[in-house]
2 protein chains.
Amino acid sequence: MSQNQDLSQSYSLSPIGEIQSPFNEKFGIPRQPGLCNAAVGSIKLLGECNSDEAVKDLSLHSHIWILFLFHQNLKQGWKPSVRPPRLGGNEKMGVLATRSPFRPNGIGMSAVKLLGVRKSGKQWFIDVKGLDLLDGTPVVDIKPYIPYSDNIPDAQSELADTAPVNSLDVKFTSQAKNQLEALSEKAEQYPKLALLIEQVLQQDPRPSYKQNKADDKIYGILLYNLNIRWQVTNNQCDVLEIASSQ
Amino acid sequence: MSQNQDLSQSYSLSPIGEIQSPFNEKFGIPRQPGLCNAAVGSIKLLGECNSDEAVKDLSLHSHIWILFLFHQNLKQGWKPSVRPPRLGGNEKMGVLATRSPFRPNGIGMSAVKLLGVRKSGKQWFIDVKGLDLLDGTPVVDIKPYIPYSDNIPDAQSELADTAPVNSLDVKFTSQAKNQLEALSEKAEQYPKLALLIEQVLQQDPRPSYKQNKADDKIYGILLYNLNIRWQVTNNQCDVLEIASSQ
């Protein structure tokens, strides 16, 4: 039953695009695509994929799959067992039973809403919504989401049948409100900034062992080039400051 | 907004498994996974993924994604435009708007039902159902299907919103029936053979330009090591012969 191929051989991948996203560091990135619909971004196409032909008819589809590389994790390597954050980071699971970014070939996949395809000079961009990817992520493929085969309504998962519950109530302090107000003039650079901050922090990006515990630490998260400083008291997350990181 | 990485670099992939499937040639393979639920098969795990740790808890999920390489197409290369069979092979579309197997990095993805995980001696197998993959296909990743993020009920595609219609009425000639009967003793080697043949031929694997036209050609399809010979008259497909290819 063999095609006589050599399975010990390795294959080479080259990026066909690069992610442009508000997420400038891993901390705070939603755990799955679609959880944070204010996270809009683009795929900047590269090489032969940056062509009128390659993107023709892409807009026939409402959603696309992005196949990408977990590039910041590749050097660290992988192990057959991982400790998923969903289980509090304590229990071990097989890597193949998880979507852990530390995996044998370092490939990830995300289904996102397609907003449109756009050309600027000779450069093509694919605009998407619901991103869960780091800025600069190398994209290795883009495929249409095919409803009749990708939608499996009876699929079940004992690990992750439902989305994580957004548990924090996000409030902006008056200082943060003023800073938001000032940044609203740059809406093109920071689209839907208040909503993005709210959706990202609602999910409680803190490590699991910090959650549901007294915690007076002031956390920082980088969105675009903005440092967002925040603190959690009971179930409330106060956004303290929104400052340019320059 | 850059992570200062070199996007011109290439990355290397190594197979973590190999597909064992009834499909021994590309002709006749269902166009998407799940269309042919009698197509059962396995992933034979390789290297470090062939371990108790890597597959632990995989059975918590009802479905998995298989990421694989279109290995038989890699040498042929790719072009930014393709002519999908769904459009009769006449219209050109952008490769990124299709699931064409001839694509920049040659990676495919299939969602299949997980039947179970099995160990034979020191070898792990993942048994699956609804395969659309060639025997011997190199597998580069296995991920759980995560219902809350992978199921997008409102996703739409003007290209492929509904499954292709199974158009042919499959009948077995008395010769084929006798051969099926004889093979029923080898049910372990050829599970659900009659149903598999029926489901594969129902989809009318002939090239689009042959469909809905008078066609007296006798076609052959290879399933496992069996040559299935068949012919289409009007809307009926007659299975003429089921013979070992040895």
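Colleague: What do the buried residues of α4(B) pack against?

Modeller: They pack against β10 (169-172), α3 (174-183), β11 (218-223), β12 (226-233) and β13 (236-244) of chain B, where helices (H or I, at least four residues) and strands (E, at least two) are DSSP runs, numbered from the N terminus. This is a predicted model, in which local features need pLDDT of at least 70 and side-chain atom pairs count only at pLDDT 80 or more, while totals for chains, interfaces and linings use all residues. Residues are numbered from 1 along each chain as its sequence is written, chains are lettered from A and ligands numbered from 1 in the order in which they are written, and side-chain values use heavy atoms, with hydrogens and water left out.

Colleague: Why is the pair Asp150(A) and Arg99(B) called a salt bridge?

Modeller: The term requires a side-chain nitrogen of Lys or Arg within 4 Å of a carboxyl oxygen of Asp or Glu, and the N to O distance here is 2.3 Å, so the pair qualifies as a salt bridge. Across the interface of chain A and chain B the rule finds four salt bridges.

Colleague: What makes the relation of chain A to chain B that of a two-fold axis?

Modeller: A rotation of 180° with 0.0 Å of shift along its axis superposes chain A on chain B, with an RMSD of 0.0 Å (least squares on the C-alpha atoms of residues with pLDDT of at least 70 in both), and that is why the relation is one of a two-fold axis. The same surface serves both copies, since 99% of the contact residues of chain A (contact being heavy atoms within 4.5 Å) recur in chain B.
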